[in-house]
Amino acid sequence: MQRNDWSGMTVVVAGLGVSGRSVAEVLAPRVARVITVDEHRPEADVHAFDDVDWTGVDLVVTSPVFNPRTPFILEAQRRSIPVISEVELAWRLRVDSDRTGAPAAWIGITGTNGKTSTTEMTSQMLNACGWHAPAVGNIGKAVSHAAVDASYDALCVELSSFQLHFTDSLELDCAVITNLAADHLDWHGGMDRYAADKAKVYHRVKRALVYNADDARVTELARRAQPADGCRMVGFTLHAPDEGQIGISDGWIVDMSGVAGTPAGQALRIAQVRDFPHLCEPDGTVYPHLLADALAALALVLGLGADLDHAVQSLRDFTPGGHRIQTVAVRHTAEGDIRFVDDSKATNAHAAAASLGSFGFKSVVWIAGGLAKGGRFEQLVADQAARIKAAVIIGADQLPMTEAFAASAPDIPLTLIDPSDNETVMRRAVEAAGAYASPGDVVLMAPACASMDQFVSYADRGDRFAEQAREWVSTHAEA
């Protein structure tokens with residue numbers, strides 16, 4: 001199918017969430033007929049997939065909510081009807097930029113964790129360097145709308161593994177896999193398939209293939225990738241970089257890849273880590289996962305050709321989006337502060353480990369738990385036990401988390417929050433956590449679980465935590 005060969009087509013749009021509505025709006029003036037299907041949306045054309053008349057259907061654009069074994073997807077494939085993602089559609093529909101006369105450059109960001117922070121940093125740096133380069137996809141504007149907007153010079157596209165599964169034509173300008181850990185394996189059907197879907201961002205990438213050199217799985221995917229001729233490979237590491245990498249040496253960000261403008265293998269000191277406030281605790285302790293995201297974003301924008309000085313200054317000014325290592329309340333005392341930190345976006349064990357790892361010995365009162373999605377937490381608790389002073393367990397199903405503490409750190413005090421009243425669960429959790437906290441401690445909301453058992457979303461969970469934390473500080477303020 002050619003990029004502009006759409007007239008006369010009948011397209012089924014499966015699911016009317018944010019991406020589905022965008023797809024339907026973008027396709028309406030371009031195809032003969034759009035058939036929307038959603039079991040829960042009254043505005044849909046069809047309300048049951050069994051009622052779809054497949055006669056004459058040329059294409060299905062599916063929502064990420066539907067896994068590859070969903071019956072209507074199998075039926076479409078049985079009929080040899082292509083099934084694609086919104087991302088694939090956007091790539092095929094992309095238009096030329098008004099400024100450059102060519103399609104906007106695409107920078108693809110995927111990984112188990114760190115996608116949003118990396119995407120936001122990438123977008124901010126490119127805009128500071130004179131590009132019109134929004135963050136789109138899972139954040140910001142739907143990618144299908146962004147792809148047909150001729151005002152954009154570049155798109156910073158956050159890509160989920162769900163979207164990538166039904167995407168096959170991408171030839172990105174720059175791409176990164178931030179990290180890989182077990183997640184959504186039930187949707188994909190195993191770790192190998194999950195990794196293979198993530199690896200699609202590297203296929204035929206043209207300018208910069210960026211990879212996490214500290215992650216063995218990602219490094220292997222990068223090694224096996226087939227980028228375009230002339231594409232630069234840049235590994236990022238939290239250690240001293242080898243040739244071909246950007247990393248950290250003696251507190252400095254150092255490039256050895258050549259992406260910053262010097263010959264590959266020649267060390268270039270870019271900036272001191274302590275000069276980036278969002279990457280560090282107030283005492284200078286580095287947030288490792290945010291530093292890794294920053295290195296990935298810097299490699300992407302430099303790989304696209306952005307100006308180094310403008311990019312670095314923009315990165316210094318960056319403020320992370322909500323619910324990612326965000327101090328939301330502080331109780332000041334003569335002996336020291338008690339800080340409440342919202343990392344509600346840490347919805348799996350890998351993300352929670354990165355968050356916990358940012359803090360010192362026995363300094364964290366951890367609010368954990370929620371919808372476990374089949375995950376186990378024994379290794380997480382074992383690895384982070386030295387940092388955890390006490391834990392407060394929320395969630396409708398608390399057994400996976402309590403079993404992890406029983407097996408890996410039975411001496412750590414626990415408080416279990418009765419899940420029967422969702423409206424008061426966060427107030428009770430914060431009260432319990434505050435009772436454990438002493439000056440110098442951090443009350444950390446990094447639950448390692450999804451939120452939908454007791455909250456509307458991870459954002460709703462984080463907002464409620466922030467509200468209750470501020471209330472706790474107000475109530476416990478020193479006279």
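How many disulfides does the structure hold? The count is 0, with a disulfide taken as a pair of cysteine sulfur atoms within 2.5 Å. The legends below go through some close-ups.

This is a predicted model, so local features need pLDDT of at least 70 and side-chain atom pairs count only at pLDDT 80 or more, while totals for chains, interfaces and linings use all residues. Residues are numbered from 1 along each chain as its sequence is written, and side-chain values use heavy atoms, with hydrogens and water left out.

**View 1. The whole chain.** Before zooming in, here's the overall picture. The chain has 16 helices and 19 strands; these are DSSP runs numbered from the N terminus, helices being H or I with at least four residues and strands E with at least two. Its radius of gyration is 23 Å, close to the 23 Å that the globule rule gives for 479 residues, so the chain is as compact as a globular protein of that length. (That radius is taken over C-alpha atoms, and the rule is 2.2 Å times the number of residues to the power 0.38.) Along the principal axes, the C-alpha trace spans about 70 × 60 × 40 Å. Buried residues make up 57% of the 479, where buried means under 20% relative accessible area, exposed over 50% and partly exposed in between (1.4 Å probe, protein chains only).

**View 2. Phe49 meets Phe72.** Rings of Phe, Tyr and Trp (its six-membered ring) pair if their centres lie within 6.5 Å; planes under 30 degrees apart count as stacked, over 60 as edge-to-face and the rest as tilted. That rule gives 8 aromatic pairs. In this one, the ring centres of Phe49 and Phe72 are 4.0 Å apart with the planes at 5°, so the pair is stacked. Phe49 lies in the loop between strand E2 (33–37) and strand E3 (59–62), and Phe72 in helix H2 (residues 71–78), so the pair ties together parts that are 23 residues apart in sequence.

**View 3. Phe340 and Trp472.** Here the ring centres of Phe340 and Trp472 are 5.3 Å apart and the planes sit at 55°, so this pair is tilted. Since Phe340 is in strand E15 (residues 336–342) and Trp472 in helix H16 (residues 458–475), the pair ties together parts that are 132 residues apart in sequence. Phe340 is buried at 0% relative accessibility, and Trp472 is buried too, at 4%.

**View 4. Arginines over rings.** A charge sits over a ring if NZ of Lys or CZ of Arg is within 6 Å of the ring centre and within 35 degrees of the ring normal. Arg94 lies over the face of Trp91, 3.7 Å from the ring centre. Elsewhere, the charged end of Arg316 sits over the ring of Phe276, 5.5 Å from its centre.

**View 5. Two residues of helix H8.** Arg193 sits in helix H8 (residues 191–198) and is exposed, with a relative accessible area of 53%. C-alpha to C-alpha, Arg193 is 9.0 Å from His165, which is 28 residues away in sequence. Asp197 is also found in helix H8, but Asp197 is buried at 7%.
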